[in-house]
Amino acid sequence: MPSSRRTFLAGGAAAGVGLAVAGGLPSLAQASPGRPHSPVKGGPVPFPPLVDDPKGILALPEGFSYTVVTRTGVTRLDRGQGVTPADHDGMAVYDAGQGRYTLIQNHEIDPGAEFGVPHVKGTVYDAGAVDAGGCTVIKTDRAGRNLGEFVALSGTISNCAGGPTPWGTWLTCEETEDRAGDEWEEGDRSGVYQKDHGYVFEVWADGSADPKPIKCLGRYSHEALAVDKDRTNIYLSEDADGPNGLFYRWSAPRGVKLGPGVLTRLAPNAGVLAAMQIIMDDGSVLPDVAYLTSAQLGRPFPVRWIEVPDRDARHKSVREQFADGQVTRGRKFEGVWSTDEGVYVVNSYAWEDGDLPADAAPHDGMVWFYNFRNQTIQLVTYFPHQTASEEGTPVKYNDLTFDGPDNVSVTPWGSLVLAEDGTGASHVLSATPGGPTYAIARNQLNDSEFCGPTFTADGRVLFVNMQDPGLTLAITGPWEKYLG
C-alpha cells in the first residue's frame, strides 16, 4: 500500500475524476458480500456532502457517525501482550453472533518499529523479524466498542492486504522479497532475518494461526488475493516496480478443494501459479495495463495465463522471469475481491517516469473485473490523470475528484468500496460499476491512506483503517438508503 513515490499536497485534494461502465458485470444475486448485483434502475442515490468533524478525524455525510475501535500505542492488547501495533492495513470482518464481530487486521510494519507486533509464543514465523508486521484479532460490536485485541501472527514483514476465505479464515500477504541472511536496521536497532519472506499465511477468526508460509502461492511482493467460489483458484496481485508487477492465478491440483488448513499442507510446488496475459485483437499480449484508457471502458479483453517458471524466486524475482511483452504488467496492482461471477482488481496509479511505458497513458486509478466463465477482463472504473497530482496544486472540489484507489471490497448491495492512497486528501469511496463514484468519508486528521474497508454481512457497519496514526474506525448510518 504505501507507495515509494507518493507525493503529499499541503492542503490539496486528490486529482482524478471517476468514470465507470457496466457490461458483462455480475447479474442480480443474493445480497451478501461477494455476491454483487447490477445497479438498481436509475442508479444509486448520491451521498450527501461530507461534513467536517469537530474532532478533526473523519468527515462523513450527514446522518453518519463513527467510533474509534483501536488506536496505535493507546488501546491495549489482551493477555499482557502490550499495546495496539502500528500501520493498520488489510482487514476482514466476521460475524461472531449476538451483535458482535471479529476483525482480523494486518499491520504493515518493517522490523524495529516503535509499535511493532510483539512476538507471542506460538505466533512467530521469523524470530529475526523483531517488532515487525503480523496480524491481530479484534473483538467489537455494532457500536464499535473495543471488546479485546490480541496477536494472531508475528515475525512477518510488511503485512499489507490479503483476503478473506469462503471457509472463514484470513489469508495475509507479505509485501516484500527479503531473504534469510538479509540485515535490517531501524534507528539504533538492527538484526538479521532468519527466514525468507514474501509469502502468504493463514489466520483463523479465533486467532489461532500456523505461522507456516503457503509456499505454493509464490514468493514475491504480495498485495492482495481472493478465492473463487469453487475453492479451486486464487487470484493474487503484486505491488512492485522495476519491472512493474503482475496479476496472478493459482490453480489447485486436480481433485483438491480448498478449505481450512489445506493450503498450508500443500507441497511448495503444488498447483499452478500463472501470470495474466491480456490478449489484443491481433493475438499479441498487451505489455502494460496503462495502454488502455477510458475509451475501452466496459470492453472485454480475452485473458490467458502463463505459468511461472520458479515461483519461489530462488535466483530471480518472479516478475523478472518474464520478458517484456510476454505478460501484462501494471504499476501498483493492489486490491482484489472475489464474487460469484468474477474478481475485481485495482491498479492505483501510473504517471511518474518509470511507472509506465513512455508511449502509454498516465492514469490516476483503474478498477478491473475478470469474468471467470468468459475468461475476459474489462475496465469498469477509470480515474484519468490530472496534473495537480504532479504540480502540488490543490484541486477546487476536494470531495469530487479522486485518485489512488487501493483496497477494494464489495458491499452487501453489490457496489464497491475503495480506499484511496493517492496525493492530498484521502477518501473512502463508493463506486458503482456502471455508475458514479462518491466520497463517503475523508481523512480530516492528516494525509494518511485508508486501508481495509469491509462491511459486515448485515450491512450495519463499515469498518475501515486509517494507517497513520493507526486507527480502526466503525462507521454507521443509513447505508441501505444510498447503497441498497
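Author: A residue counts as buried under 20% relative accessible area, as exposed over 50%, and as partly exposed in between (1.4 Å probe, protein chains only). The model is predicted, so local features need pLDDT of at least 70 and side-chain atom pairs count only at pLDDT 80 or more, while totals for chains, interfaces and linings use all residues. Residues are numbered from 1 along each chain as its sequence is written, and side-chain values use heavy atoms, with hydrogens and water left out.

Reader: How many bridges join β17 to strand β18?

Author: Two strands pair if DSSP finds at least two bridges between them. Strand β16 (residues 247-251) pairs with β17 in the antiparallel sense over four bridges, and tyrosine 248 stands opposite alanine 275 in β17. Alanine 274 stands opposite glutamate 307 in β18. Strand β18 (residues 301-307) also runs antiparallel to β17, and the number of bridges joining the two is five.

Reader: How many salt bridges does a search of the whole structure find?

Author: Side chains of opposite charge can pair when their charged atoms come close. A salt bridge is a side-chain nitrogen of Lys or Arg within 4 Å of a carboxyl oxygen of Asp or Glu. One network of such links holds Asp239, Asp241, Arg331, Lys332, Glu334 and Asp355. For the whole structure, the search gives a total of 17.

Reader: Is aspartate 141 buried or exposed?

Author: Aspartate 141 forms a salt bridge with arginine 145, and their closest N and O atoms are 2.5 Å apart. Arginine 145 has 49% relative accessibility and therefore counts as partly exposed. At 6% relative accessibility, aspartate 141 counts as buried.

Reader: How many residues apart in sequence are the parts tied together by arginine 142 and aspartate 458?

Author: The side chains of arginine 142 and aspartate 458 meet in a salt bridge of 3.9 Å, N to O. Arginine 142 lies in the loop between β7 (133-141) and β8 (149-156), and aspartate 458 in the loop between β27 (450-455) and β28 (461-466), so the separation of the parts tied together, in residues, is 316.

Reader: What is the relative accessibility of aspartate 196?

Author: Aspartate 196 and arginine 179 meet through their side chains in a salt bridge (3.1 Å, N to O). The former lies in the loop between β12 (189-192) and β13 (200-204) and the latter in the loop between β10 (169-174) and β11, so the pair ties together parts that are 17 residues apart in sequence. Arginine 179 counts as partly exposed at 24%. Aspartate 196 counts as buried, with a relative accessibility of 19%.

Reader: What is omega for the cis peptide bond between aspartate 468 and proline 469?

Author: The peptide bond from glycine 242 to proline 243 is cis, with omega near 0°. Proline 243 is found in the loop between β15 (233-238) and β16, whereas proline 469 is found in the loop between β28 and β29 (471-476). For the cis bond joining aspartate 468 and proline 469, omega is about 15°.

Reader: What is phi of serine 158?

Author: Serine 158 is found in the loop between β8 and β9 (159-164), and its relative accessible area of 8% makes it buried. Phi is positive here, in a residue other than glycine, and its value is near 50°.
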